[in-house]
Amino acid sequence: MPTPSMEDYIEQIYLLIEEKGYARVSDIAEALSVHPSSVTKMVQKLDKNEYLTYEKYRGFDLTAKGKKIGKRLVYRHDLLEQLLRTIGVIEENIYDDVEGIEHHLSWNAIDRIGDLVQFFEEDESRIEALREIQRRNEEQE
Ligand SMILES: [Mn+2]
């Protein structure tokens, strides 16, 4: 299992490759707000763990294993954003909140959150009922 930090890198590399077809050290450093030397170090670690193939001066690509995990990590991030949006968390908090919790949930919890998001998606009145409770609670604050 990748560590939280490895997960952040695999997730960003997956997104960059999806968007641009490749991921460079400088792009990853920018996306994660870290120093390029940290990226180089982590890329070597990910290479050792067979999440990507890295060749000095020639860039790198995710392995099948890296792609599979990257896809799940991006799904998990998007699902958690959807959850927070659905339950009414203010937009400016959503990204950072997800970054804070995403590494600390089991895949079982992620699956159940998937059910919950689906529960709200399938019937608009369920969201309305939740908003009604939220309006009531706000009045009491
Ligand atoms: Mn994320």
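**Close-up 1. Glutamate 11 sits in helix α1 of this predicted model.** Helix α1 runs over residues 4-20. Glutamate 11 is buried, as its relative accessible area is 3%. Looking beyond residues up to four places away in sequence, you will find that glutamate 11 touches Leu73, Val74, His77, Glu99 and Glu102.

**Close-up 2. Histidine 77 belongs to helix α4, residues 64-86.** Histidine 77 is buried too, with a relative accessible area of 5%. Neighbours within four places in sequence aside, its contacts are Glu11, Tyr95, Val98, Glu99 and Glu102.

**Close-up 3. Glutamate 102 is found in the loop between α5 and α6.** With a relative accessible area of 0%, glutamate 102 is buried. Its side chain meets that of histidine 77 in a polar contact of 3.1 Å. Apart from neighbours within four places in sequence, glutamate 102 is in contact with Asp8, Glu11, Arg76, His77 and Leu80.

**Close-up 4. Glutamate 99 lies in helix α5, which spans residues 91-101.** Glutamate 99 counts as partly exposed because its relative accessibility is 22%, and buried means under 20%. Residues up to four places away in sequence not counted, glutamate 99 touches Asp8, Glu11 and His77.

**Close-up 5. The unreviewed UniProt entry also gives a "binding site" annotation covering Asp8, Glu99, Glu102 and His103.** Here the residues are spread over 96 residues of sequence but cluster in space, and the largest C-alpha distance is 9.7 Å.

Methods. Residues are numbered from 1 along each chain as its sequence is written. This is a predicted model: local features need pLDDT of at least 70, side-chain atom pairs count only at pLDDT 80 or more; totals for chains, interfaces and linings use all residues. Side-chain values use heavy atoms; hydrogens and water are left out. Helices (H or I, at least four residues) and strands (E, at least two) are DSSP runs, numbered from the N terminus. Buried means under 20% relative accessible area, exposed over 50%, partly exposed in between (1.4 Å probe, protein chains only). Contact means heavy atoms within 4.5 Å. UniProt positions are given in the numbering used here, feature names are shortened, and annotations may be inferred rather than shown by experiment. A polar contact is a pair of N or O atoms within 3.5 Å; within protein, one must be able to donate a hydrogen and the other to accept it, and residues adjacent in sequence count only if both atoms are side-chain atoms.
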